[in-house]
Amino acid sequence: MLNVEKIREDFPILKRKINNRQLIFLDSASTSQKPNQVIESIKNYYEMHNANPHRSIYQLCDEATQLYEDARKKVAKFINAKPEEIVFVRNTNEAMNLIMHSFALPKLHNPSEIIVSIMEHHANIVPWQLVRKNNGTKLNFIDLNEDGTLNLEQLNNSINRNTKIVSLTHVSNVLGTVNPVKEISKIVHENGSLFIVDGAQSVPHMTIDVHDIGCDFLAFSGHKMLAPMNIGVLYGRKEVLEEMEPFMVGGDMIKEVTTEGVIWNDIPWKFEAGTPNVEGAVGLSAAIDYLEKIGMENVREHEKELTQYALEKLSEVEDVQIYGPTNPEVKGGVVAFNVKGVHSHDVAYILNDFGIAVRSGHHCAMPLMKRLGIQSCARASFYIYNTKEEIDALIEGLEKVKMVFKL
Ligand code: PMP
């Protein structure tokens, strides 16, 4: 059980008033709020240790290097990887772009195939469309079952000897579906394909062990797990990363440059050209400390409880349609819905009058919207600082939405 009241004390922004109401932040799937511990870690970095890492031997430089590399070790431990398998990037989008440029574009050609699912975020669709356009590879989309889970039978049937990459989200940012990535990993590897997991919505919310899952790549964003924006992670299995050429080149990613040529640095540095985001890494490290203190199993349990409660309450509201699984065991802390006859932006706009922040729109998942037969939807998403009372307020807000639209 989480001590949510105590946790909330750590998040200064939660004291804010919006339209004279206490802020109710139900959009952590977009980006999470940040605790004092993270904010302070960044302040302390700039007040005490700032320098450009890896570049000189004076003390501050050494300290900045140490902080940056310690953060890498912390991330590695958090997902049970080796430090050299952790590449710091800006976010999940950049991680996917790195795989596209450094692996897919140079290595995949017609008749190679890539498999994704219809529930993917654009970050896990658009790069593979570019590979299709450039290299003539095929891109197959796995469909959903009626309950919003992934159609594993179709995955099994679609995978074939030309399939080189299977790239799936661990948790859908719209449906909340938790995909059985460990099971899928076996299928993918039996076929000799690479398995990429989009962990943007899973790493912040549950225990993740890349060895247990067996994936080749895992991408996630710090800003969704209490850390600042612009620090993200690409985990890559050592052997795969070593085979790949960097796509961003220049400073700090080389061992030697002569007028004739270049020798790349070792992994992971060969993928990190230019001055890195040390403050981001420091903030991410503090965020992991914070989450580990709470315990990732407790984070997941808390969100399961909130999700179950939200599903129960929302299903009692007439004219509300919920998308995705209704079993919290296979659902992350994400509940997408529409109020019949009301655009999701109107729903979000009216909820804002009551200080409630929910996301509306297509959630960077336009193929999924089309599959669901909708233009957009609203989404409430939960994290460690959310309470059942906030869900009650959301339900009350939705009744107001219905009143405004005379439903
Ligand atoms: N994948 C999923 C499942 C996401 O939810 C998101 C963020 N909404 C992303 C990828 C992209 O994350 P970022 O914008 O941090 O690159």
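A polar contact is a pair of N or O atoms within 3.5 Å; within protein, one atom must be able to donate a hydrogen and the other to accept it, and residues adjacent in sequence count only if both atoms belong to side chains. The model is predicted: local features need pLDDT of at least 70, side-chain atom pairs count only at pLDDT 80 or more, and totals for chains, interfaces and linings use all residues. Residues are numbered from 1 along each chain as its sequence is written, and side-chain values use heavy atoms, with hydrogens and water left out.

View 1. A polar side-chain atom of Asp198 lies 2.5 Å from a ligand nitrogen. For Lys224, the distance from a side-chain N or O atom to a nitrogen atom of the ligand is 2.9 Å, and for His121 the corresponding distance is 3.3 Å. The protein buries 91% of the 400 Å² that the ligand exposes when taken alone (Shrake-Rupley method, 1.4 Å probe; for residues, only the protein chains shown count as cover).

**View 2. The shell around the ligand.** The ligand is surrounded by 13 residues, and the closest are Asp198, Gln201, Ser221, His223 and Lys224; a residue is near if one of its heavy atoms lies within 4 Å. Two residues of this shell are nonpolar, nine polar and two charged (Ala, Val, Leu, Ile, Met, Phe, Trp, Tyr, Cys and Pro count as nonpolar; Asp, Glu, Lys and Arg as charged; the others, Gly among them, as polar).

View 3. Lys224 is found in the loop between β9 (217-221) and β10 (232-236); strands (E, at least two residues) and helices (H or I, at least four) are DSSP runs numbered from the N terminus. With a relative accessible area of 12%, Lys224 is buried (buried is under 20%, exposed over 50%, partly exposed in between; 1.4 Å probe, protein chains only). Val203 is 21 residues from Lys224 in sequence, and their C-alpha atoms are 8.9 Å apart in space.

**View 4. Helix α4.** Asn91 caps the N-terminal end of α4, with a side-chain oxygen 3.3 Å from the backbone nitrogen of Asn93.

**View 5. Ser167 in strand β7.** Ser167 belongs to β7 (residues 163-169) and is buried, with a relative accessible area of 0%. Its side chain joins that of Asn124 in a polar contact of 2.6 Å.
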